[in-house]
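Good morning, and thank you for joining this group meeting.

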Amino acid sequence: MARELSDDPFEVSTSAVAVGSSTVIDSVLDLPEDWRLHHGDVLVNPRVAFRLVGPRDAPVVAVLGGISAHRYLIGPEGWWPEIVGPNLGVDTTRFRVLGIDYLGGLGSSSTPDGGSRFPPVSSFDQAEVLRRVVLHLGLSGLHAIVGASYGGMVALSFAARHAALVNRILIVSAADRAQVLSTAWRSVQRQIVREAIARGDGPAGLKLARALAMATYRSQAEFAVRFGGPAVRDAERFRFPVEGYLFARGDDYVQKYRAESFLALSESIDLHAVDARQVHTPTTLIAVREDQLVPFDDMQALAARLGGPKQLVEINSIFGHDAFLKESAVLNPILRHALAEQTT
């Protein structure tokens with residue numbers, strides 16, 4: 001059913017469906033005027049899409065993922081169904097879960113249209129649209145934010161700017177600033193995409209950029225085990241076992257993501273910078289020893305700089321930065337315990 005909040009200052013179209021004792025609210029929130037972003041540019045006709053699922057009156061946990069994530073968290077269309085769901089790390093029998101479509105990303109929030117230039121977006125801007133959603137829903141605040149990869153950056157930005165609206169943040173593989181070597185890799189990826197767009201074939205560039213990115217998401221150990229066999233020669237050239245995997249992942253990515261969105265959010269990662277001393281919210285950090293993109297040393301340094309109570313949990317995974325997508329058996333008990341610490 002549709003409902004209008006007459007006391008809401010924003011224009012909004014919301015559908016809310018009751019499922020037993022739970023509700024699913026899926027909405028696009030139109031902000032009332034053009035918005036000056038963190039880096040000084042103006043976003044015209046800003047809007048943010050969000051989805052809230054779970055038991056009515058339960059504490060709300062916002063869940064944010066990497067640059068390819070979106071507001072759908074659970075079920076067949078969800079991007080994190082092994083972590084978010086009944087009796088999982090983010091237990092949807094105990095919490096309502098809130099997801100958003102990132103500005104510039106995949107989904108129904110403001111995003112590049114392939115024509116006009118899309119302005120640079122900060123993790124602080126993503127935090128601000130999350131704040132707008134929280135206020136629109138009439139929530140007194142969030143029980144927690146669970147943020148993985150780029151979502152962890154947004155969670156840190158939210159805690160730095162809007163501490164009164166969140167009780168705890170849980171950060172998986174994200175730091176207070178980008179690692180310079182990781183920025184180097186992403187800079188090359190973005191230039192590949194820009195040159196392909198200039199030639200009129202953005203998807204071809206996105207395929208190559210994603211293939212290169214996959215080589216940074218995973219660990220040396222995994223690649224050695226899976227792709228350490230000899231090259232095979234065909235009529236054209238030698239082909240290495242790892243090539244098929246990388247380019248297959250690139251082909252898959254271009255079926256569901258836009259080159260322009262990749263540019264916007266990849267750049268946003270490298271522009272990210274939060275003064276960790278301003279984060280006083282209780283924080284659980286989960287660091288992966290084999291993560292090339294967010295090295296363990298960077299997570300240790302973040303923990304030392306944080307201004308509030310914190311816990312650093314170390315895990316090992318051959319999946320490297322992708323551990324948040326692959327290591328549900330390890331992550332579920334860690335997240336469940338951390339979220340239970342402040343359940344009211």
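This is a predicted model: local features need pLDDT of at least 70, side-chain atom pairs count only at pLDDT 80 or more; totals for chains, interfaces and linings use all residues.

Let me begin with a question: which residue in E10 is the bridge partner of Leu52? The bridge partner of Leu52 in E10 is Leu98.

Strand E6, residues 47-55, is joined to E10 by 4 bridges, and the two run antiparallel.

How many of the residues of E10 are buried? The count is 5 of 5, and E10 is thus described as mostly covered. Arg96, Leu98 and Ile100 point one way from the strand, while Val97 and Gly99 point the other way. There is a general rule to remember at this point: in a regular strand, side chains alternate between the two faces of the sheet.

We now turn to strand E7, residues 60-64. Why is E7 said to be largely enclosed by the rest of the structure? The reason is that 5 of its 5 residues are buried. Val60, Ala62 and Leu64 point to one side of E7, whereas Val61 and Val63 point the other way. E7 has a parallel pairing with E11 as well, made over 4 bridges. In that pairing, Val63 stands opposite Val146 of E11.

What do the buried residues of H2 pack against? They pack against strands E7, E11 and E12, and against helices H1, H7 and H8. H2 is mostly covered, with 10 of its 12 residues buried. Among the buried residues are Tyr150, Met153, Leu156 and Phe158. As for its length, H2 reaches 17 Å from its first C-alpha to its last, which is close to the 16 Å expected at 1.5 Å a residue.

Is Leu103 buried or exposed? Leu103 has a relative accessible area of 1%, and since buried means under 20%, Leu103 is buried. Not counting residues up to four places away in sequence, Leu103 touches several residues, including Trp35, Leu43, Arg47, Val121 and Leu265. With Leu265, the separation in sequence is 162 residues, but the C-alpha atoms are 8.5 Å apart in space.

Val121 also lies in the loop between E10 and H1. Val121 is buried, with a relative accessible area of 1%. Leaving aside its neighbours within four places in sequence, Val121 is in contact with His39, Leu103, Gln126 and Ser268. Val121 and Leu331, which are 210 residues apart in sequence, are 29 Å apart from C-alpha to C-alpha.

Pro120 has its place in this loop too. Its relative accessibility is 17%, and because the cut-off for buried is under 20%, Pro120 counts as buried. With residues up to four places away in sequence set aside, Pro120 touches Leu37, His39, Asp41, Asp125, Glu267 and Leu271. Trp80 is 40 residues from Pro120 along the chain, and their C-alpha atoms are separated by 27 Å.

Let us finish with the largest pocket. What is its volume? The volume of the largest pocket is about 920 Å³. Its lining consists of 43 residues, and those that lie nearest its centre are Ser68, Arg210, Tyr217, Asp322 and Leu325. The lining residues divide into 21 nonpolar, 11 polar and 11 charged.

H4 gives the largest share, with 5 residues.

The buried residues of H6 are Glu243, Tyr245, Leu246, Gly250 and Tyr253. What covers them includes H4, H5, strand E14 and H7.

Thank you for your attention.

Notes: Residues are numbered from 1 along each chain as its sequence is written. Side-chain values use heavy atoms; hydrogens and water are left out. On a 1 Å grid over the protein atoms alone, a cavity is a set of points where a 1.4 Å probe fits but cannot get out, and a pocket is an open set with protein on both sides within 12 Å along at least five of seven lines; lining residues have an atom within 4 Å of a point. Grid points are joined across faces, edges and corners, and a volume is the space filled by probe spheres set on the points. Ala, Val, Leu, Ile, Met, Phe, Trp, Tyr, Cys and Pro count as nonpolar, Asp, Glu, Lys and Arg as charged, and the others, Gly among them, as polar. The expected span of a helix is 1.5 Å times one less than its number of residues. Buried means under 20% relative accessible area, exposed over 50%, partly exposed in between (1.4 Å probe, protein chains only). Contact means heavy atoms within 4.5 Å. Two strands pair if DSSP finds at least two bridges between them.
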